[in-house]
Amino acid sequence: MAYDVNAIRKHFPALESGAAHFDGPGGSQVPDVVGEAVSSTLCAAIANRGTVTAAERRADGVVREARQAVADLLGARPEGVVFGRSMTQVTYDFSRTLAKNWGPGDEVVVTRLDHDANVRPWVQAAEARGATVRWADFNPETGELPTSAITELLTDRTRLVAVTAASNLLGTRPDIPAITDAVREAGALSYVDGVHLTPHSPVDIAALGADFYACSPYKFLGPHLGLLAAAPDLLETLQPDKLLPSSNAVPERFELGTLPYELLAGTTAAIDFLAGLVPSEGSRRERLRTSLTALEAHEDALLQRLEDGLAALPRVVRYGSPTRRRTPTVLFSVTGLTPQAVYERLGARGINAPASTFYAIECARHLGLGDAGAVRAGIAPYTTAAEVDLLLAAVAEL
């Protein structure tokens, strides 16, 4: 069955305002079922997880259902899913835990393509332990991160490589399987930032080869939350700092304090919604693959329409290569206008396409954009061809 964007849009109350949302890379709009799941969980009788009272069992069920939903989305095991306040917070927690075994002479590899949430936690953790940070650079002309940029940095002292599955600034998708294969051969661990990939493509952690895979539900139609997936056996080898009476079981030992049950319920609802973007049969994992494959085709077509339209505008400067496989994200500037001015003028027309480095500050600086960045337009499951044309017409008139 074809991807029906108009039918999908009917589930997004926020779209009734009439704004064209190209700000999805910073946080997507939310379908009605997600809001209903959050509300109903907040209003239901609920308590700390347990097995005695109905309120305890309800809380336990919400957590178990959310872990299974994430496992279905990512091709993970539910007992390897860790929830946290944000991907940034989860990554900081894991950087401190992993760094306990680092010392002088050990090495950590980070890239200039990444969001700072997959850079600074590792840089700071390495510095605190006296370990060395090695930087992998991408090609500023194409926006591509060659596999060799990482493999040439690997040594027998490498302990971890942090790399993005898709750049939140450029949409660039490095060859993660090739990178993680090389990292594993070097005897190191890989930490993959999947925040910007997960909303746009089917994900299979095993195929990617990631030891740790982190992402954010609020980027894939869910509530504000962060999560990490890893093999339970790997998590068993790690001992995070935690409260004395807190559970030492995996994955609970990594979750500090009581989980936000309403947000977990919203995450499950978001994943179920994604599984139903295109009606199909089979398990939730199978339906997710079918729906996300159709979504990827829809978004790729709109990305091509946007790229072609911007290429025809003489004052527009685009960053990154439009010929490589990317997530549906375009970074551009307009000659004679600051990024902020473009952002504000588009906003006045009801077109939400913000300007910034979007926390990918190393990436923006390496592109020569400094700390002002550029304008970013991202395509989401609810984006239409008419909205793309509206954006193009507005940019042409700036």
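Where is Thr383 found? Thr383 lies in the loop between strand 13 (374-378) and helix 14, where helices (H or I, at least four residues) and strands (E, at least two) are DSSP runs numbered from the N terminus. The model is predicted, so that local features need pLDDT of at least 70 and side-chain atom pairs count only at pLDDT 80 or more, while totals for chains, interfaces and linings use all residues. Residues are numbered from 1 along each chain as its sequence is written, and side-chain values use heavy atoms, with hydrogens and water left out.

**Loop residues**

- Thr383 counts as buried because its relative accessibility is 0%, given that buried means under 20% relative accessible area, exposed over 50% and partly exposed in between (1.4 Å probe, protein chains only).
- The side chain of Thr383 reaches the backbone nitrogen of Ala380 at 2.8 Å.
- Leaving aside residues up to four places away in sequence, Thr383 touches Val5, His21, Phe22, His298, Leu302 and Val388, contact meaning heavy atoms within 4.5 Å.
- Ala231, placed in the loop between strand 8 (226-230) and helix 9 (232-236), is partly exposed, with a relative accessible area of 42%.
- The C-alpha atoms of Ala231 and Ser148, which are 83 residues apart along the chain, are separated by 27 Å.

**Helix 11 and helix 14**

- The axes of helix 11 (residues 284-311) and helix 14 (residues 385-396) come within 10 Å and cross at roughly 15°, the axes being lines fitted to C-alpha atoms, for helices over the stretch in contact, with angles running from 0 to 180 degrees between N-to-C directions.
- Helix 11 and helix 14 are therefore roughly parallel to each other, since angles under 35 degrees count as roughly parallel.
- From helix 11, Leu302, Arg305, Leu306, Gly309 and Leu310 meet Ala385, Val388, Asp389, Leu391, Leu392 and Val395 in helix 14.
- The residues of this contact divide into 8 nonpolar, 1 polar and 2 charged, where Ala, Val, Leu, Ile, Met, Phe, Trp, Tyr, Cys and Pro count as nonpolar, Asp, Glu, Lys and Arg as charged, and the others, Gly among them, as polar.

**Helix 4 and helix 5**

- The axes of helix 4 (residues 87-99) and helix 5 (residues 120-129) come within 9 Å and cross at roughly 25°, and the two helices are therefore roughly parallel to each other.
- Helix 4 contributes Thr91, Tyr92, Phe94, Ser95, Leu98 and Ala99 to the contact, and helix 5 contributes Arg120, Pro121, Trp122, Gln124, Ala125 and Arg129.
- By class, the contact of helix 4 with helix 5 has 7 nonpolar, 3 polar and 2 charged residues.

Note on methods:
Parallel < 35°, antiparallel > 145°, perpendicular 65-115°, else oblique. Polar contact = N/O pair within 3.5 Å; in protein donor to acceptor, adjacent residues only side chain to side chain.
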